[in-house]
Amino acid sequence: MITEAVRNNAEWCEAMCRAHGRPGAFGPHAWTNARRTPLYYPDAVTLTADASVRDVLDGIDRKAPGASVKDSFARLDLTGEGFRTLFDAQWIHRPAGLPVPAVDTRWQAVRTAEELAAWALAWSGGDADEAALFRAELLTDPATTVVAGYGADGRITGGAVLSDSGRVTGVSNLFAADGADPAEAWAGCLGLVPDGRPVVGYESGDDLPPALAVGFEEIGTLRVWLDAGA
């Protein structure tokens, strides 16, 4: 299942880059992008456990600082290439068929550019520059569904991105707004996953326990590397 989670995440990275007019390329061992990727998104993602340093670094732009690599299996050592570890995280998997906890909020897909703009501001905590990451082009991607939870007053209480890669659905960018319960956000977005579909993603630190509380399990470690010159 970790291979499915890795591929799903790489396809989401590609979808985000396409929305910004900067598509990458899938190779046998890594997804890479020859142009600098959008904010918070890696320049390369390993797809196999035997991916090499050259599989990731030969396909990215290192002329400017800030290059990053998602080492999906935590197998690479990029210190000799001038990188440092940015963070480690855990791939997570929720088996198909588990019951979804009930929620008190209304959850639905984001359909319009106006709805996406409001979602992005809630996701970013009101930071307009960060919110600009989510472009309307994502709404036309058939594999991407942005979902939001709404309180009784119509305010966005949480959200996530669901990514369809065939056999699994990935969850990313999950957030709970204004002190809302993250477990409620997990339950809300899980209610919009197609029936019978395993769900994958990754989390770390304080964001991991709420996912485990709704039925996810840890399946492996990933590592994100950042060019030490950044």
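A word on the ground rules before the tour. This is a predicted model, in which local features need pLDDT of at least 70 and side-chain atom pairs count only at pLDDT 80 or more, while totals for chains, interfaces and linings use all residues. Residues are numbered from 1 along each chain as its sequence is written, and side-chain values use heavy atoms, with hydrogens and water left out.

**Overall build**

The protein has six helices and 11 strands; helices (H or I, at least four residues) and strands (E, at least two) are DSSP runs, numbered from the N terminus. Its C-alpha trace spans about 55 × 35 × 30 Å along the principal axes. For 230 residues a compact globule would have a radius of gyration near 17 Å, and the protein agrees, with 17 Å. That radius is taken over C-alpha atoms, and the globule rule is 2.2 Å times the number of residues to the power 0.38.

Of the 230 residues, 48% count as buried, where buried means under 20% relative accessible area, exposed over 50%, and partly exposed in between (1.4 Å probe, protein chains only). Among contacts (heavy atoms within 4.5 Å) with a separation of 6 or more, 66% are between residues 24 or more positions apart.

**The sheet and strand β8**

The 11 strands of an open sheet follow the order β1-β2-β3-β4-β11-β5-β10-β9-β8-β7-β6, with mixed pairing. Its edge strands, β1 (25–26) and β6 (106–109), each pair on one side only. Two strands pair if DSSP finds at least two bridges between them.

Eight of its nine residues are buried, so β8 is largely enclosed by the rest of the structure. On one side, seven bridges join β8 to the antiparallel strand β7 (residues 144–150), with Y150 bridged to I156 of β8. β8 is also joined by six bridges to β9 (residues 169–176), again antiparallel, and V161 has S172 of β9 as its bridge partner.

| Hairpin | Residues between strands | Glycine with positive phi |
|---|---|---|
| β7 and β8 | five residues | G154, about 85 degrees |
| β8 and β9 | four residues | G166, near 95 degrees |

Helix α3 (residues 113–124) lies across β6, β7, β8 and β9, and runs at about 110 degrees to β8. Axes are lines fitted to C-alpha atoms, for helices over the stretch in contact, and angles run from 0 to 180 degrees between N-to-C directions.

**Individual residues**

E4 sits in helix α1 (residues 2–19) and counts as buried at 19% relative accessibility. Beyond its neighbours within four places in sequence, E4 is in contact with R167 and V168. The side chains of E4 and R167 make a polar contact at 2.9 Å; such a contact is a pair of N or O atoms within 3.5 Å, where within protein one must be able to donate a hydrogen and the other to accept it, and residues adjacent in sequence count only if both atoms are side-chain atoms.

Y40 is not a glycine, yet has a positive phi of about 75 degrees. Y40 lies in the loop between β2 (30–32) and β3 (44–46) and is exposed, with a relative accessible area of 53%. N173, also not a glycine, has a positive phi of about 55 degrees. N173 belongs to strand β9 and counts as buried at 18% relative accessibility.
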